[in-house]
Amino acid sequence: MVFSSPVFLFLFLPVVLLGLALVRLRRFQAFWLLGLSALFYIWGAGQAVLILVAVTLAAYAAGWIPWQRLTVRWRRVLLAAVILVLLLPILFFKYLPPLAGAAGSDAFAAVAIPLGISFFTFHAVSYVIDVWRGTIVRERNLRDFSLYLFVFPHQIAGPIVRYAEIRDELHGFREASLPQFGYGFTRFTWGLAKKVIVADQVGRLAGEIFAINAGGTDLSLATAWLGAVLYAVQIYFDFSGYSDMAIGLAIMLGFHFPENFAQPYRSWSVTEFWRRWHMTLSRWFRDYVYFPLGGNRHGVLREYGALLTVFLLTSLWHGGTLNFLIWGGLHSAALIIERATGLRDSQRLLIVRRVLMLLFIIISWVPFRTATTDQLGRYWSNMVTGSLDGLAPIAITGLTPAVLIALAIAVISLIGPARSTGFGAVFGTRSSLELERFRFRLAIPLGIVLFVISSLVLLWSNFSPFLYFQF
Amino acid sequence: MTPSDPSATRRGRIAAIGFSTVLLVALFFPASAIDENKAPPAAPQLSIEGITSGALLGQIRDAVSTNFGLRSLAIQTIARATLALGASPTPMVYLGEDGEPFLSEDFVGACSTNLEAFHIHETLDEIAAAQKAAGREFLFAVVPDKGSIDRDKLGSAEDSLLACNDVNRAYLESIPTIMTAWNSFEASDDELYFFGDSHWNYVGGSRFAVELLNRVQPGIVQPGDLVETQEQHSGDLFLLMGLEQLETTTVVTAERSGVDTQYDSEVTPLGYTVQRWRSSGDAALITGRTLIVHDSTFAYNSAVYGPYFEDLTSVPIQALSDPGEIARLGDYDRVIVQRVQRGVQSDLDLLLAIDWL
């Protein structure tokens with residue numbers, strides 16, 4: 001189940017909210033939310049929920065290991081063993097099939113990746129490492145610990161929430177005030193609109209253009225660039241929209257999740273891009289990989305080595321194919337060049353660098369979207385040496401008003417105060433912790449309008465007309 | 001009011017209850033049916049197996065998605081609003097000049113199906129040779145796409161839209177065993193296609209039928225054979241956009257003096273509609289048993305064919321995928337395949353696979 005589906009919006013969400021609002025008992029709250037979060041997962045991934053239960057139990061048990069009493073060596077060995085156990089499902093489901101495929105075996109071709117396994121595992125690993133480091137006290141209550149991992153807003157696509165960030169909320173009685181509920185509702189509908197009105201509209205045409213490329217047909221120069229631009233818009237609005245929805249839902253349920261995006265396409269360097277894009281993932285790799293490898297405190301070579309390791313793992317986290325490695329390679333190379341040349345901290349030619357950065361972003365998403373190196377090579381080649389025939393028919397017919405409106409919204413999102421998110425600029429607050437500045441009177445009517453429009457578009461998108469000429 | 005005020009949390013609770021109630025009311029709003037290219041979802045069945053397998057959850061999801069009460073209203077609202085802006089609400093339909101809709105697949109599909117690569121020429125030669133060896137006549141007739149005839153209505157994007165379509169047209173016209181109608185259609189001053197439909201209209205269909213009949217037996221269609229009446233037609237392109245729009249159209253049928261035509265039809269166990277016409281009388285008839293294998297274009301010229309054939313059977317081309325359905329029809333002296341340009345390449349392999357063909 002995804003947030004932008006009729007069954008979630010009009011059945012699952014109201015049932016969750018009604019239960020919490022009508023029965024004001026902490027134990028009921030916890031079991032209600034945990035039970036429905038498990039149902040949310042089962043609805044999307046069925047019996048794969050058992051894998052998540054196993055990961056949950058393993059992480060919970062690891063919290064009980066008396067880490068501080070062990071020798072340094074044994075602490076490290078045992079931590080590595082626990083992390084390996086937690087990573088086993090992700091290794092099996094995400095990396096074994098492509099590795100076997102590369103070796104010529106299709107034995108694992110039918111293995112499907114359990115929904116949200118990467119996010120779930122990273123939550124569990126962060127908890128174990130934080131307990132190991134002694135920065136948090138282990139969670140004694142299995143129900144509350146399970147709720148931390150399972151709570152449905154962050155389950156499928158993040159943000160990656162640290163246990164310490166919501167520990168108090170897990171233990172306390174959660175209740176959203178009117179300002180919090182209003183913020184949560186508006187933030188949720190803002191994300192829903194980004195997903196349904198922008199991402200889904202451009203994504204359909206982007207998918208068709210990339211499908212032509214995947215089919216082995218060359219694209220004209222204009223069509224190839226259109227497809228790449230549409231995909232760049234889609235992936236940002238889809239992912240950040242999902243994060244907005246997750247943060248908004250969390251507030252409505254009484255949790256505060258960290259921000260995950262801060263207008264990454266307004267960056268003037270790759271370094272800045274990664275400070276604005278999927279911030280909780282960057283934070284995860286910074287704290288659990290980059291710093292432990294030495295960060296920038298042990299010379300340039302070690303720093304670059306740590307950076308390359310982080311991007312190797314980031315690439316692999318996204319997927320186990322060569323194209324993801326190429327994507328990560330591009331970004332890590334750009335980061336190292338920026339550090340080596342001093343561009344990272346330079347404030348010169350910012351407008352030119354913003355334009356160049358946008359081009360880099362658009363070009364570097366292509367390996368993310370294409371499945372094989374052949375497709376990637378053909379696509380990049382078409383973006384440089386494609387025919388000058390103009391747009392292909394699929395692009396002409398696919399540029400509907402909905403797509404044009406989505407593109408216009410994407411362009412508008414590049415304008416405005418760079419330090420704020422689009423949501424923050426409109427509603428006066430950068431996060432759910434600054435509600436005193438939240439423009440409540442603007443938010444509610446605008447939220448309702450966005451919710452109605454998004455629902456209309458969502459219901460329209462599900463329309464499958466009767467094609468009787470195909471009888 | 002701060003988040004920690006007791007009154008604020010009470011109001012937050014009331015807001016949550018109100019919001020949830022509105023969503024549930026919307027969910028259970030009475031539904032109105034819409035024609036769609038999918039079977040209506042079954043009502044969720046509560047069972048132990050359904051719960052353990054997850055099937056129940058899938059049934060609930062499908063039922064909510066499709067039977068959502070406000071769905072038809074949402075679809076029609078978006079369709080009308082977009083059309084009012086002079087644009088199509090769906091990429092499946094392209095709006096030309098003056099708001100005339102065209103099926104996007106006519107343009108898009110042509111670019112993903114290079115007909116030469118499908119070896120249509122060779123395949124048809126092979127089929128024709130096999131038919132000739134078996135003593136049968138064989139004719140493959142291609143119906144032009146609407147866009148390729150009404151191209152002047154496409155506006156400034158005409159050349160880009162038809163670039164691939166034109167390549168395919170040239171290839172098909174180079175195959176002597178194919179009957180096409182581009183040139184004669186382009187020369188006509190009549191409207192040969194519906195305004196709001198992807199198909200030719202009855203006038204276009206009858207024009208094609210006359211050409212085909214005269215090709216099978218020159219001079220068989222006489223002036224005055226065709227009769228015109230008026231009816232209302234609901235265009236498929238508007239249905240694709242979520243609306244129903246009627247247009248007045250001229251229906252063309254054939255009435256031959258001195259010819260008695262008997263018509264019957266049956267739906268086979270697998271759901272294919274087989275139609276039969278048997279004619280007798282003093283006027284000239286195309287003798288022997290004739291089979292027309294057709295797509296949806298046949299709906300608009302079928303009424304012209306019957307009175308000219310001694311024994312005519314029609315079967316939808318999809319029936320070829322069930323060889324038993326074709327075999328039960330028996331043998332024929334003449335086989336005619338009528339296909340629209342955008343579907344020419346599909347199902348050719350099925351024609352080859354039928355034993356008696």
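This is a predicted model: local features need pLDDT of at least 70, side-chain atom pairs count only at pLDDT 80 or more; totals for chains, interfaces and linings use all residues.
Local features need pLDDT of at least 70 and side-chain atom pairs count only at pLDDT 80 or more, while totals for chains, interfaces and linings use all residues. Residues are numbered from 1 along each chain as its sequence is written.

Let's start with the count: there are two cavities of 30 Å³ or more. A cavity here is a set of points, on a 1 Å grid over the protein atoms alone, where a 1.4 Å probe fits but cannot get out; lining residues have an atom within 4 Å of a point.

The largest cavity has a volume of about 150 Å³, taken as the space filled by probe spheres set on the points, with grid points joined across faces, edges and corners. Its lining comprises 15 residues, and those nearest the centre are L20(A), A21(A), E175(A), A176(A) and M252(A). Domain 1 (6-175) and domain 2 (180-269 + 344-460) of chain A both give residues to this lining, so the largest cavity lies between them; the domain bounds come from an automatic or database domain assignment.

Now for the second largest cavity, which holds about 70 Å³ of space. Among the residues lining it are E105(B), D106(B), N165(B), N168(B) and R342(B). The most comes from α5(B), with four residues.

Terms used:
Chains are lettered from A and ligands numbered from 1 in the order in which they are written. Side-chain values use heavy atoms; hydrogens and water are left out. On a 1 Å grid over the protein atoms alone, a cavity is a set of points where a 1.4 Å probe fits but cannot get out, and a pocket is an open set with protein on both sides within 12 Å along at least five of seven lines; lining residues have an atom within 4 Å of a point. Helices (H or I, at least four residues) and strands (E, at least two) are DSSP runs, numbered from the N terminus.
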